[in-house]
Amino acid sequence: MDDQLGALTVIFTEFYYWVTVVLMFLIHVGFCMYEVGASRYKHHQHTLMKNTMVIPLVTVTWFFFGWWIYWAFPTGPGIAPSIMNESTALITDDSAFSATYYLANSPLMAVNLGDHISGVFWAAFLLFSWTAASIVSGAIIERITTFAFGILAIAIGSVFWTIDAAWGWHFDGWMLKILGYHDAYASGVIHAIAGGFALGVLIVLGPRIGKFSSSGEPRNIGPRNPWLVTVGLFLIYTGFWGFYAACNIPIFDLGPEYGMEGVTYWTATNIYVTPTTLSGITYNFLMSLSGGLLAGYVVAKGDPFWTYSSGLAGIICASAGNDLYHPIQAMLIGAIGVVIAYKMHYWVERKFKIDDAVGAVAVHGYAGFVGLVICGFVLNGYPSSGYSVGAMWDGSTYASINPLGQFLGAIIMFGVLGMLPGYVLAKILNGMGKLRIPREVEIAGLDYEMMEDDRDAEKAVASSTR
């Protein structure tokens, strides 16, 4: 930091991301409360422990290889050349932003007075990884083994969502350069992929005992603690607001970046390094939340569980384009996504006997998918990238956001990198006999042994005080 302005910019940016990480931690607190509130009493402690173990499992694997994947895979590999080194290979050379700088033994992966941002930025992406794993966690509660969930959490949290982030969320990602893919706040990059992954697992895992009657009609197994569910979802809203902040560069001079020599243009940018404002995304976050809540209240006829979840679904649906939407567009898009996700949840449940315990596939997967498709129409023609790379659609200039590119992107996120890997991994784990808990354990409850120990301890205390 060789001048005062440079020092202030670096220190402010470092602190900005550090604060967003702290806020995003509330997403995980919210998921823990939400899932425990949605589960039955006999499974509470196991549900909480399962979600708690996401933290060490994903953090350690993200440190050793997840972060490296993000920086290595923007080219595919083999699909589109990097703007850094003009190669289609994995980015592991000595060019700028190469994965070689993010190996576990790299000087940037530890205390380094010459680097002020890598660890904080690493942590911001790590919290996204926790979110992806927690989305899957809620859908499969009350019947999956801890071992299987650990494997699945590492797979979605440190491998598959990381690949999709490199492809569609990296400023050098091949999807935005070739397809014109745009997903500023992760409708697809986190939510659609995690929802699709959860659906793939659920197909193999099967429903909870008693979810469907002998005639195949679904039974409602509602949340056992509505207060925990409510507070949990409000904490997720709060953390999601921090997530939005973390998806922006707060202060950046775009003049030199876009070849405008001698021109200074300070602005916030989205994750693609194209301009937006923190003011605009604040409007759009709150309006999409409101559109989702209103639509959820109407379509679910005031059901609290779906109303609160619909607020989240509204944000998710509008997130792909919330850096550029008008606030009224954000509100309407959020509402549309909620109606589609709600209807899809119950149609899939009845048609295919899929037991999604918390509606995670709908809220995250279907809403995220729909949000990507809508974005392609509403923002058709806007540049998806600030860098001229030779797009598939026009051959020589900036890749433009377009309906087909967004639809293909939604298929890649939800299906190719989400549902397919989830299904295959679940099949393998099921074949090994490691996926689902035994029937008698599910009936008695995953917390049975702990509850019996508590009863024995109470009896001992009671007898000793007579």
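1. **Before you start.** This is a predicted model, in which local features need pLDDT of at least 70 and side-chain atom pairs count only at pLDDT 80 or more, while totals for chains, interfaces and linings use all residues. Residues are numbered from 1 along each chain as its sequence is written, and side-chain values use heavy atoms, with hydrogens and water left out.

2. Rolling a probe the size of a water molecule over the atoms shows where empty space is left. On a 1 Å grid over the protein atoms alone, a pocket is an open set of points with protein on both sides within 12 Å along at least five of seven lines, and a cavity is a set where a 1.4 Å probe fits but cannot get out; lining residues have an atom within 4 Å of a point. Grid points are joined across faces, edges and corners, and a volume is the space filled by probe spheres set on them. The largest pocket comes out at about 830 Å³.

3. **Who lines it?** Look for Phe97, Ile117, Phe121, Ile249 and Phe252, which lie nearest the centre of the largest pocket, out of 31 lining residues. Two or more lining residues come from each of helix 1 (4-38), helix 3 (54-72), helix 4 (118-139) and strand 1 (249-253). (Helices, H or I with at least four residues, and strands, E with at least two, are DSSP runs numbered from the N terminus.) Helix 1 gives the most, with five residues. The lining has 20 nonpolar, eight polar and three charged residues; here Ala, Val, Leu, Ile, Met, Phe, Trp, Tyr, Cys and Pro count as nonpolar, Asp, Glu, Lys and Arg as charged, and the others, Gly among them, as polar.

4. **The second largest pocket.** This one has a volume of about 480 Å³. Of its 27 lining residues, Asn220, Gly222, Phe305, Trp306 and Tyr346 lie nearest the centre. Helix 12 gives the most to this lining, with five residues. Sorted by class, the lining has 14 nonpolar, five polar and eight charged residues.

5. The whole structure holds three cavities of 30 Å³ or more. The largest cavity has about 70 Å³ of space. Phe31, Tyr34, Val358, Ala360 and His364 lie nearest its centre, among 14 lining residues.

6. **The nonpolar core.** A nonpolar core is a set of buried Ala, Val, Leu, Ile, Met, Phe, Trp, Tyr and Cys residues joined through side-chain atoms within 4.5 Å. The largest has 133 residues, and Trp67, Phe125, Phe128, Trp161, Trp169 and Phe243 touch the most other members. Helix 4 supplies the largest share of this core, 15 residues. Setting aside residues up to four places away in sequence, Trp67 touches Trp62, Tyr102, Met109, Phe121, Trp122 and Phe125.

7. You'll find Asn85 in the loop between helix 3 and helix 4. Beyond neighbours within four places in sequence, Asn85 is in contact (heavy atoms within 4.5 Å) with Ile91, Asp93 and Ser95.

How values were computed:
Buried means under 20% relative accessible area, exposed over 50%, partly exposed in between (1.4 Å probe, protein chains only).
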